[in-house]
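User: I have a chain open here and want to go through a few spots in it. Can you take my questions as they come?

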Amino acid sequence: MTIMAAQPSSHTAAGHAVGDLGRRITQRRVELGLSQGETADRAGMSRSYLQCLEEQPTVTPGAASLLRLAGALQTTVRDLTGGDIDLPPGLGQAGRRPKFTELPPQACWDLLSTHGVGRLAIPVRTGPVVVPVNYSVIEGLIVYRTSPQAVPAQAVGCQVAFEVDHIDAALSEGWSVLVTGPAGTVTDPDCVRLVRQQSYSEPWPGGQRDMWIRINPLSVTGRRITV
């Protein structure tokens, strides 16, 4: 297996938002491709105030400001403030005139980006299981890190399915990408060193997770729902 450096993600925001609200504001406007100035104009507030909201966790906006900001970012106050953190995505009603389209392979890879959290479907002895994993895309392979005792390690030697998606409850829109193919371990010392250098972050669950697994995509398909 050959591994080369992954390209930087276009979804990474410039600067670092330190507050929970600030992180959500920054993430949402970057998803929409908006600058601070454009977002501030849409929300009817000064750019300096929006910058404070993104960077200062002690700044607490009023209800009116939150409503305007949520409208400018095409989302809801609940989503913007993290009120849906313990709820499943997609709680909104279906759009009035949804459009369902198949995505070409390059669009699927663009949505996969260079890293994220996806759902891994594995056929195990007791039946199929689905678990979330932190992944990186490195030279056309899906790579993730786990421990030999963890469920994701059982993917080795199996044909697996890997899925990522994004749901915009405010607009009743979303997309999903499905990757299928065989999973195997990354054992070559040079390859292990490179994937360790190029992977985006440590696994969110923490702990000792030194087993690297790659998925070789045989099929990559995607779908998008727009209104």
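**Loop, strands and helix packing**

Analyst: Thr114 sits in the loop between helix H6 (105-112) and strand E2 (115-124). Bear in mind that this is a predicted model.

User: Is Thr114 buried or exposed?

Analyst: Thr114 counts as buried, because its relative accessibility is 16% and the cut-off for buried is under 20%.

User: What does the side chain of Thr114 make a polar contact with?

Analyst: With the side chain of His115, at 2.9 Å.

User: Which residue in that loop has a positive phi?

Analyst: Ser113, with phi near 60°, and Ser113 is not a glycine. Ser113 is in the loop between H6 and E2. At 16% relative accessibility, Ser113 is buried.

User: Why point that out?

Analyst: Because most residues other than glycine have a negative phi.

User: Where is Gln74, and what is its phi?

Analyst: Gln74 is in the loop between helix H4 (63-72) and helix H5 (77-81). Its phi is positive, about 55°, and Gln74 is not a glycine either. Gln74 is partly exposed, at 32% relative accessibility.

User: How accessible is Ser136?

Analyst: Its relative accessible area is 6%, so Ser136 is buried.

User: Next, Val160. Which strand is that in?

Analyst: Val160 is in strand E5, which covers residues 159-168. Val160 is buried, at 4% relative accessibility.

User: What does Val160 touch beyond its neighbours within four places in sequence?

Analyst: Leu120, Ala121, Ala155, Val179, Thr180, Gly181, Ala183 and Ile215 are in contact with Val160. Take Val179 from that list: Val160 and Val179 are 19 residues apart in sequence, with a C-alpha to C-alpha distance of 8.3 Å.

User: Helices now. At what angle do H2 and H3 cross?

Analyst: Roughly 110°, for helix H2 (residues 36-43) and helix H3 (residues 47-55), with the axes coming within 9 Å. That makes H2 roughly perpendicular to H3, because angles of 65 to 115 degrees fall in that class.

User: Which residues meet there?

Analyst: From H2, Gln36, Gly37, Thr39 and Ala40; from H3, Arg47, Leu50, Gln51 and Glu54. By class, the H2 contact with H3 has 2 nonpolar, 4 polar and 2 charged residues.

User: And how does H1 pack on H3?

Analyst: Helix H1 (residues 20-31) and H3 pack at about 115°, with axes 6 Å apart. Gly22, Ile25, Thr26 and Arg29 of H1 are in contact with Leu50, Leu53 and Glu54 of H3. The residues of this contact divide into 3 nonpolar, 2 polar and 2 charged.

User: How many disulfides does a search of the whole structure find?

Analyst: It finds 0. As for cysteines, Cys52 is partly exposed, with a relative accessible area of 34%, and Cys158 is buried, at 18% relative accessibility.

User: Last, the whole chain. How many helices and strands?

Analyst: The chain has 7 helices and 8 strands. Of its 227 residues, 39% are buried. Among contacts with a separation of 6 or more, 68% are between residues 24 or more positions apart.

How values were computed:
Residues are numbered from 1 along each chain as its sequence is written. This is a predicted model: local features need pLDDT of at least 70, side-chain atom pairs count only at pLDDT 80 or more; totals for chains, interfaces and linings use all residues. Side-chain values use heavy atoms; hydrogens and water are left out. Helices (H or I, at least four residues) and strands (E, at least two) are DSSP runs, numbered from the N terminus. Buried means under 20% relative accessible area, exposed over 50%, partly exposed in between (1.4 Å probe, protein chains only). Contact means heavy atoms within 4.5 Å. Axes are lines fitted to C-alpha atoms, for helices over the stretch in contact, and angles run from 0 to 180 degrees between N-to-C directions. Angles under 35 degrees count as roughly parallel, over 145 as roughly antiparallel, 65 to 115 as roughly perpendicular and the rest as oblique. Ala, Val, Leu, Ile, Met, Phe, Trp, Tyr, Cys and Pro count as nonpolar, Asp, Glu, Lys and Arg as charged, and the others, Gly among them, as polar. A disulfide is a pair of cysteine sulfur atoms within 2.5 Å. A polar contact is a pair of N or O atoms within 3.5 Å; within protein, one must be able to donate a hydrogen and the other to accept it, and residues adjacent in sequence count only if both atoms are side-chain atoms.
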